[in-house]
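This briefing goes through a structure topic by topic. Please have the sequence and the coordinates open while reading.

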Amino acid sequence: MLFNTAQFAVFFVVVLLVHRAVPSGARNTWLLMCSLAFYTVWIPAYLLLLLFEISANFLLLRRMQRSPRPWIYLRISVAFTLGSLAFFKYAAFLIESVAPMSGALFGVSPPVVDILLPLGISFYSFQMIALQVDVYRGAIEPPRSLARYTLFIAFFPQLIAGPILRGAEFLPQLERGGVVEPTRTRRGVWLIACGLLKKLVFGDFLLARVSEAVFEFPGVAPASVHLIAIYSFAFQIYFDFSGYTDMARGMGCLLGFDLPLNFREPYLSRNPAEFWRRWHMTLSLWLRDYLYIPLGGNRHGPGRMYAALLVTMLLGGLWHGAAWNFVIWGGMHGLLLVVHRSVVRRPRGEREPFTLGDIARVVLFFHATCVLWIFFRAATFEGAWKILVRLCTGSYLGDWPLLPTLVVVACVALHVLERLVRTNLPAIRSALARNPAGAAIEGLALGAVAALAAAASGVASEFIYFQF
Amino acid sequence: MNTHARTSHRRPWLVLLWSTVGFGVVAWSLLTLLTTTRAPYPVVALDVLGWFDDRMERIANWPPQSHRVLFIGDSLAMDVRTRRVSVASQLQKRLTARAAVRTRSPIKVQPLTSSGFSLYSHYFVSDDVASLKPDQVILALNLMSFSEGWRSRERYQLSAFISPHRWLEALGLPLHEVGVTVDRLLFYRSIRAIGAFDAWWWLQREQARANRGYWRFAEWLQEWSGYPDGLGYRKEFQKLRFRRSRVFGDRATPSSARALLGAALDGVDPDHAGLQVLGAFLAHVREASIPVVVYVPPMNVEHLRSLGMYNEEGLGLTLKRIRTIVRGHGATFVDLHDVLADAEFTDFMDHLAADRAETSFGAVADLLSSHIQAPHTLPKAAR
C-alpha cells in the first residue's frame, strides 16, 4: 500500500480516527494491529517472516541481557538478521555474479533463483541490528515486551522506507504512548502536504518523464536534453525519497510521535562529507555508528580511515540494491570522500555562513553528485558511458526543452526555499499566528497542494526507494 | 487574551474550511485549463471495469430457450484488427448448423473476450460468469499467462469482482503476482459496492488528462518561445520505441518468445501460480454445475522450431499439468497449440492474421465444435 494511493488514504483516516477515539493506554495496541495489517496487505505470507525475525531477535535480546557472555548472542542475532537480508536480497545477485566463473571453471552453472524481496527488509533489518548493538553497548534499555519491540520495528509509517529509527529516540516515545497535541498535529498536516507536493507533483509528474526517457535511450537526444534529464533525475530521486519521508514523519506527528529528519537540503552541500550528513541522514548515521567506527574510523591513522571509508561506502552502495551499478556508485562516493579528506584538512563546518566561494563549491559538488547519479540510474554501464560521452561531446546550442528546464529551475528555487523555511520555521509560525488572515493563507495553501497532488497522481509510480 | 484563545480554538476549523475552498478553486481551474486547451482523454486502466459490466449486462439477456454457450478468452481468440471475426463467431456458425440438424433448438455463443482478458481475469470474474447461467463455458487458455512477462498485462482492477465469500480463498492464491493485494481487493470491491465506479473512473480519466496536459503546455511553450525543436527528442524516442516494437513485429524474436512463452516451453511447475488460479476458476464454475471446455489456442510452432526454441518435452509437461488440473475438475481439455501453420499468424504474440481470419478461426472452431456437447447430450441441470 503506497502512501500516495486512495486505499492508503482510507486506511490512514480509519487508523487516525480510531487512534484519537481509544483511551491513550490502548493506542499502542491499536497501532501494532494497524502496522501488522499494513504489512499483511502486500503478501500475507511475508508477515510470518517479519514476525519470525522479530520474535527471534527479541528472544536473543533477552538472552543477551541475562548472559555473562552477551557478545555470543549479539553475534548470533546480527548474523541471523544479515543472513536473512543476504538471502532475500542478495542471493540472486550473488549467484548471477558467480555463474559465469563457475561455468568456466567447473562446467556447471548454479540454478537461477527467483526470490521475491520482502517489503522494507533493508530498513527493518538495520533497525533490528542497531537496537541489538545499542543494548549490548549499554546505551539503552531493551523494550519491555515483545509487543513494544514489534511496534518499534513494524511501526507502519516508517516500516517500508524509513527513516531508520534508533531505540534511544523512539522507544521512550513508545513508552509514553504518543502525545497528541495541536502543534504536533499541525506540523504533521504540513509535513504530509509537503511530502505530497514533492513526491507526486515534482517527483512523479514533473521530473520523471524527461529523466526516464533519456535513461531508456541513452545517447540519443541532444546534449542539452541529457543535461536536463540528469538534473531532473537528481531532483526526482530527492523529491521522491524526501517526500516519502516527509509523509512518514507527518503521519508519525498525527499519531503523536516525532520521527527523525532524513534530509536537510543535500544539494546545498559544499563537500562530500557534508552531503552525507544531509542525504538519507538516518542511513548515514547508521553506517557511521555500526560500520565505519567498528572498522576503525579515524582512530588508526589515515590509511585505515580511507579503507574504512571506502568499505563503508561500497557496502552502503550495495545496500541500495543488489546490482553492480549501486556498488560502483557507492565506491565512487567513497573515493570522493577519501579525496576530500586527504586534500582538505579542515572542512568548513555546516554552521559556518555561506560565502561566495561556497556557492561555487555547492555548484561544483552538485555536478559531481549528478555525474554519480548517472551510474546509479543507468540500466547498464554502457548506457551510463553513452550519457557521459554525449554530455561531454554534444552541442548545447539550441534544442533546449523549455518546460523541463523551467521545472529544474523551480526545483533549485524550491530547494533553497526549503532551507529558508526550515531555518526560519518559528518566525513563520508566529507570523501566521499573528496575522488575521493566517488561517486563510494556511488553508488555501493546503487545499491547493491537495488539488495539485490529486491531479498529478495520474502518473503515480512506485516510490523509487521501495526497491531497496 | 480571551479573543486570542477563542481564535486559536477555532483555527483548525477555519484552516479546514479555507483548505476546502483552496482545493475547489485549484481543481476547478485545472479542469477549466484542460478543457480550454483540449487536452485529450487517454484510455485508462479502469476502462476494463466499465467494459466488463456493459458486456455482462448484454450477455445476461440471452435469447429465451436457447442453448447458451459462453466463450471466454483474450485477443488470441479474435481478430484484433477488425474485431469482426472471432473463434466465437465461427463457433456460432458451426454449432448453429449442427444443432439445427439435431435438435432444432437455437444456440447462442456469447463472447466474453477482450485484449488482455486472460487467466487471472477469468478467475476474478468466475462468480459473475457462473451467475450468467450458461449451459456451457469454453475457455481459451493463453499459455503466455504462465510467464512473468505477461503478468503486468493482467488487470488487477477486476479483482473488484471477487465475491467476499471468496476472499479467504483468494488470499491463499498467489494473486499478488499480478498486483492484487488486500488493499486493492478491498478498495475496488468497495468502489463497486457503493456504485462509485463511474465517479472513480471519471477521476482517473481526468488525472490521465492532466498528464497529457503537461505535454500540451510544453508544446505551446516551445512554440511560443520560437524554438519549436526543443521537444524534437520526443519524436526521436517515439521512432525508437516504434522501431523496437517492429523488431518484435510480425514474428517472435528469441527474446520475446522467451519473455512470453518461456515458462510454458520450459514446463511449468506443478504448483505454478497460473495452475492454481486455473484450478480455482474451474472449481467455481463446477460448483454451478456448468460444463467447461478448456482449450489451448494455436501457437506458431513452426516459427518456434525455426528459432530452435520449441521444447517439445517442456511444453508437453506444461500441457500435461494443465490437462491434469482441467480433468481433475471434471472439465474437458482440448489441445490446439499445434494446428495452424506459420502463415496463419500475424505477429510476435501469435495473433491470427486478419486476411485469413475466416479460415484460421474457422479451423479452430471446427476442432472445438466436435468437443462441445450438443444440447440434447447435456445433463438436465445444465439445460
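B:Ser369 belongs to helix H15 of chain B, which covers residues 357-369.

**A serine in chain B**
- B:Ser369 is buried, because its relative accessibility is 9%, below the 20% cut-off.
- From its position in helix H15, the side chain of B:Ser369 comes to 2.9 Å from the backbone oxygen of B:Asp366.

**Confidence in chain A**
- The average pLDDT of chain A is 88, and 95% of the residues score at least 70.
- Residues 460-468 of chain A are a stretch where pLDDT stays under 50.
- For that stretch the model has 40 contacts beyond four places in sequence.
- Where pLDDT is low, predicted coordinates should not be read in detail.

**Contact between chain A and chain B**
- Chain A brings 49 residues to the contact, and chain B brings 38 residues.
- The size of an interface is often expressed as the accessible area lost when the parts come together.
- For chain A and chain B the buried area is about 3700 Å², with 71% of it on carbon and sulfur atoms.
- How many salt bridges are there between chain A and chain B? The count is one salt bridge.
- B:Arg11 and A:Glu442 form a salt bridge, and their closest N and O atoms are 2.5 Å apart.
- Nine residue pairs, both members at pLDDT 80 or more, are in polar contact between chain A and chain B.
- On the side of chain A that touches chain B, at least two residues each come from helix H1 (6-21), helix H9 (182-216), helix H17 (402-423), helix H18 (425-434) and helix H19 (438-456) of chain A.
- Which helix gives the most to the side of chain A that touches chain B? H19(A) does, with 14 residues.
- By residue class, the side of chain A that touches chain B has 36 nonpolar, seven polar and six charged residues.

**A leucine in chain A**
- A:Leu105 sits in helix H4 of chain A, residues 70-106.
- With a relative accessible area of 60%, A:Leu105 is exposed, since the cut-off for exposed is over 50%.
- A:Leu105 and A:Ala322 are 217 residues apart along the chain, and their C-alpha atoms are separated by 24 Å.

**Make-up of chain B**
- Chain B has 15 helices and five strands.
- Chain B has 383 residues, of which 52% count as buried.
- Taking contacts in chain B between residues at least 6 apart in sequence, 82% join residues at least 24 apart.

**Salt bridges within the chains**
- Over all chains, the whole structure has 25 salt bridges.
- One of them pairs A:Arg166 with A:Asp289, with the closest N and O atoms 2.9 Å apart.
- A:Arg166 is in the loop between helix H7 (156-159) and helix H8 (167-176) of chain A, while A:Asp289 is in helix H12 (residues 281-292) of chain A, so the pair ties together parts 123 residues apart in sequence.
- Are the two partners buried or exposed? A:Arg166 counts as buried at 16% relative accessibility, and A:Asp289 counts as buried at 13%.
- A:Asp289 also meets A:Arg288 in a salt bridge, at 2.8 Å from N to O.
- A:Arg288 counts as partly exposed, because its relative accessibility is 40%.
- In chain B, the side chains of B:Asp128 and B:Arg192 meet in a salt bridge, at 3.4 Å from N to O.
- This pair links distant parts of the chain, 64 residues apart: B:Asp128 is in helix H5 (residues 126-131) of chain B, and B:Arg192 is in helix H8 (residues 182-193) of chain B.
- B:Asp128 is buried, with a relative accessible area of 13%, whereas B:Arg192 is partly exposed, with 26%.
- In chain A, salt bridges that share partners join A:Glu265, A:Arg270, A:Glu274, A:Arg278, A:Asp358, A:Arg361, A:Arg419 and A:Arg422 into one network.

Conventions: Residues are numbered from 1 along each chain as its sequence is written. Chains are lettered from A and ligands numbered from 1 in the order in which they are written. Side-chain values use heavy atoms; hydrogens and water are left out. pLDDT is the predictor's confidence in each residue, from 0 to 100. Contact means heavy atoms within 4.5 Å. Helices (H or I, at least four residues) and strands (E, at least two) are DSSP runs, numbered from the N terminus. Buried means under 20% relative accessible area, exposed over 50%, partly exposed in between (1.4 Å probe, protein chains only). A polar contact is a pair of N or O atoms within 3.5 Å; within protein, one must be able to donate a hydrogen and the other to accept it, and residues adjacent in sequence count only if both atoms are side-chain atoms. Buried area is the accessible area (1.4 Å probe) that two parts lose on being put together, summed over both. A salt bridge is a side-chain nitrogen of Lys or Arg within 4 Å of a carboxyl oxygen of Asp or Glu. Ala, Val, Leu, Ile, Met, Phe, Trp, Tyr, Cys and Pro count as nonpolar, Asp, Glu, Lys and Arg as charged, and the others, Gly among them, as polar.
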